[in-house]
Amino acid sequence: MRLSSILSQAWYSRDVVEVARDMLGMRLVRLLDDRRISGIIVEAEAYRGEEDLACHAKAGRTPRTEVMYGPPGRAYVYFTYGMHWMLNAVCGEPGYPAAVLIRAILPLEGIETIAAARSGVPPARWADGPAKLTRALHIDKTLNGADLTSEAYHLWIEEDLPIADKWVVTGPRVGIAGVPEPWKSLPWRFKAQLPKDFDLDLR
């Protein structure tokens, strides 16, 4: 286990938009029964403050959003549409609600476990969405508030190799059609569009 490569609290304490971009290429790790399940993060979105009308914090400090106001580097896991869990990483300074939604990963470790969790789904679709990756990695409400900078909760994000700007596209965040401008169109979604011959082992 490469504990020395776990992202630090200081890494998350920066502006959430910067963190969302830098999240691409990092490795999301889940430990289940002493076995690593992991994937490279290839899509992420930033949500920043009570003023961001696409952010849950627009409603202020509530039991649901409390973890967003806490220290950076914590997991904010919420339930949506009555059926999906979403994983976010809290960013910025304590007291200011901001988080990065992890939208997609490329599975690398624990493939058998992921395949079992996503039975009947083509490999390319195992974790190409925020609700899909939480199912693939067995992430649910029990991990809300988990410290992502430690192995204690069996969920963390590790340093890997950053993805070059030439492979990154930005655009509006997904699923916020009813949100007014300028929040609706802010280019706060970051996605890696890697070439088909891209070798994850040679980043």
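User: Which residues of strand 6 (residues 155-158) point the other way from Leu155 and Ile157?

Analyst: Leu155 and Ile157 share one direction. Both faces are buried (under 20% relative accessible area; exposed is over 50%, partly exposed in between, with a 1.4 Å probe and protein chains only). Pointing the other way from Leu155 and Ile157, you'll find Trp156 and Glu158.

User: What pLDDT do side-chain atom pairs need to count in this model?

Analyst: Residues are numbered from 1 along each chain as its sequence is written, and side-chain values use heavy atoms, with hydrogens and water left out. This is a predicted model, where totals for chains, interfaces and linings use all residues, local features need pLDDT of at least 70, and side-chain atom pairs need pLDDT 80 or more.

User: Which residue joins its side chain to that of His84 in a polar contact?

Analyst: Leaving out residues up to four places away in sequence, His84 touches Tyr78, Phe79, Ala131 and Arg135 (touching means heavy atoms within 4.5 Å). One of those neighbours also makes a polar contact of 3.3 Å with the His84 side chain. For that label, N or O atoms must be within 3.5 Å; within protein, one must be able to donate a hydrogen and the other to accept it, and residues adjacent in sequence count only if both atoms are side-chain atoms. The partner is Arg135.

User: How many of the 8 residues in helix 2 are buried?

Analyst: Helix 2 covers residues 16-23 and is mostly covered. The buried ones are Val16, Val17, Val19, Ala20, Arg21 and Met23. Out of 8 residues in helix 2, the buried count is 6.

User: Which residue's side-chain oxygen reaches the backbone nitrogen of Val17 at the start of helix 2?

Analyst: Look at the start of helix 2, where a side-chain oxygen comes to within 3.0 Å of the backbone nitrogen of Val17. That oxygen belongs to Asp15.

User: And which residue with a positive phi follows helix 2?

Analyst: Now go to what comes after helix 2. The phi there is positive, near 95°, and the residue is Gly25.

User: How far apart in space are Ile114 and Pro180, C-alpha to C-alpha?

Analyst: Ile114 is in helix 3 (residues 111-117), and it counts as buried because its relative accessibility is 0%. Beyond residues up to four places away in sequence, Ile114 touches Ile37, Ser38, Pro107, Glu109, Trp126, Ala136 and Leu137. Pro180 is 66 residues from Ile114 in sequence, and their C-alpha atoms are apart in space by 37 Å.

User: Is the peptide bond from Glu181 to Pro182 cis or trans?

Analyst: Pro182 sits in the loop between strand 7 (168-171) and strand 8. For the bond from Glu181 to Pro182, omega is near 5°, and the bond is cis.

User: What is the phi of Asp34?

Analyst: Asp34 lies in the loop between strand 1 and strand 2. Asp34 counts as exposed because its relative accessible area is 72%. Although Asp34 is not a glycine, its phi is positive, at about 65°.

User: Is His138 buried or partly exposed?

Analyst: You'll find His138 in the loop between helix 4 and strand 6. His138 is not a glycine either, yet its phi is positive, about 55°. Because its relative accessibility is 38%, His138 counts as partly exposed.

How values were computed
Helix = DSSP H or I, 4+ residues; strand = E, 2+ residues; numbered from the N terminus.
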